[in-house]
Amino acid sequence: MRKLLAVGLLSMAITAPVFAGGSSETAATKTASAPEAAKTVKIWITTGAEDPVYKKLFEKARADLQMPIDDQYFPQDELDSKLQVAPVVGDMPDLIIVDGLQIASYDEAGLISHLDGLLDKSIVDDLLPSVIGEATYKGHMISVAQFDSGMAMWANKSMLEKVGARIPVSYKDAWTKGEFEDILAKLKTQGVCEYPLYIRQNKPTSIYFTYLPVIASFGGDYLDPKTGLATGTLDGSDTVAAYQYMSDLVKKGYIDPTVDYEDGFYGRKENAFSLLGHWK
């Protein structure tokens, strides 16, 4: 069975790892040999806002490497479906750019090979420790990433100024929990915004990711890092307290419980705060 080599572009927290094609032959042998002139490298990519960037990247690669590259773009669900049947119909790509959350499941399904020993040491040494951690599964490096995406609490400064909120200048000057809640209350009661805090609520694959900073701030977690089990962590008192706090913010009308779009803060300017990643 022909397998893929996971060579990710974006890590989880991450979005979009890349996979390089391999086969039952040793990947090291395949990597070391120069590509045949007639070989076209086929790449499947999860379509999105990054498409123009990838198209430029592959255009440059064609010129620099003098290599035919066929980059094809699909919605995530369609790409997943194609990948599941590709080994059967003999249509496996050489590279795949997908969300980093998918990588471990591909490894479990036997669709990808490992990168152990295939990357130049200078590349591995230059990776963020978090990227290496996320790219390592069951003791093997199964992908690689350009960067590790992060979450942040974004704020509309002019809205905060309308309610006289103190503007922190560094993390050392951060609001207390009580101060933050007071600002949310003023934003709502003074009519600045109906829902002061924007958090997308209808996408399960991102809700767990979005809430993680809140859970971590309460001292909680989803899994025990030593056992890999949810018992005692997902149902632990700290994690439960974090979710209870988020629930309370919804009940007080600070968060829209049904929001189904991703531009409430920056695009529509409906909210004073947004808990969102830098990709948006």
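On one side of helix H2 in this predicted model, the residues Val53, Lys56, Glu59 and Lys60 are exposed. The buried residues of H2 are Asp51, Tyr54, Phe58 and Ala61, and because these cover an arc of only 85° around the axis, they are placed on the same side of H2. An α-helix has 3.6 residues a turn, so residues three or four places apart point the same way. The helix itself comprises residues 51-65, 15 residues in total, and it reaches 21 Å from its first C-alpha to its last, which is close to the 21 Å expected at 1.5 Å a residue. The partners of the buried residues of H2 are strands, namely strand S3 (41-46), strand S4 (69-74) and strand S5 (95-97), against which these residues pack. Just after H2, the backbone at Gln66 adopts a positive phi of about 50°.

Helix H10 has 15 residues, and the distance from its first C-alpha to its last is 21 Å, close to the 21 Å expected at 1.5 Å a residue. Its buried residues are Thr239, Ala242, Tyr245, Met246 and Leu249; since they cover an arc of only 120° around the axis, they lie on the same side of H10. On the other side of H10, Ser237 and Lys251 are exposed. Just after H10, Gly253 takes a positive phi of about 80°.

Most residues other than glycine have a negative phi. Because the relative accessibility of Lys138 is 60%, and exposed means over 50%, Lys138 counts as exposed. With a relative accessible area of 51%, Lys269 is exposed.

For the protein as a whole, the assignment gives 10 helices and 11 strands. Of the 280 residues of the protein, 39% count as buried. The protein exposes about 15400 Å², of which carbon and sulfur atoms supply 57%. With regard to contacts between residues at least 6 apart in sequence, 68% join residues that are at least 24 apart.

Note on methods
Residues numbered from 1 in each chain as written. Predicted model: local features only at pLDDT ≥ 70, side-chain atom pairs only at ≥ 80, totals over all residues. Heavy atoms only, no water. Helix = DSSP H or I, 4+ residues; strand = E, 2+ residues; numbered from the N terminus. Expected span 1.5 Å × (residues − 1). Buried < 20%, exposed > 50% of the residue type's maximum accessible area, 1.4 Å probe, protein only. Arc of directions from axis to C-beta. Contact = heavy atoms within 4.5 Å. Areas by Shrake-Rupley, 256 points an atom, 1.4 Å probe, with all protein chains shown as cover.
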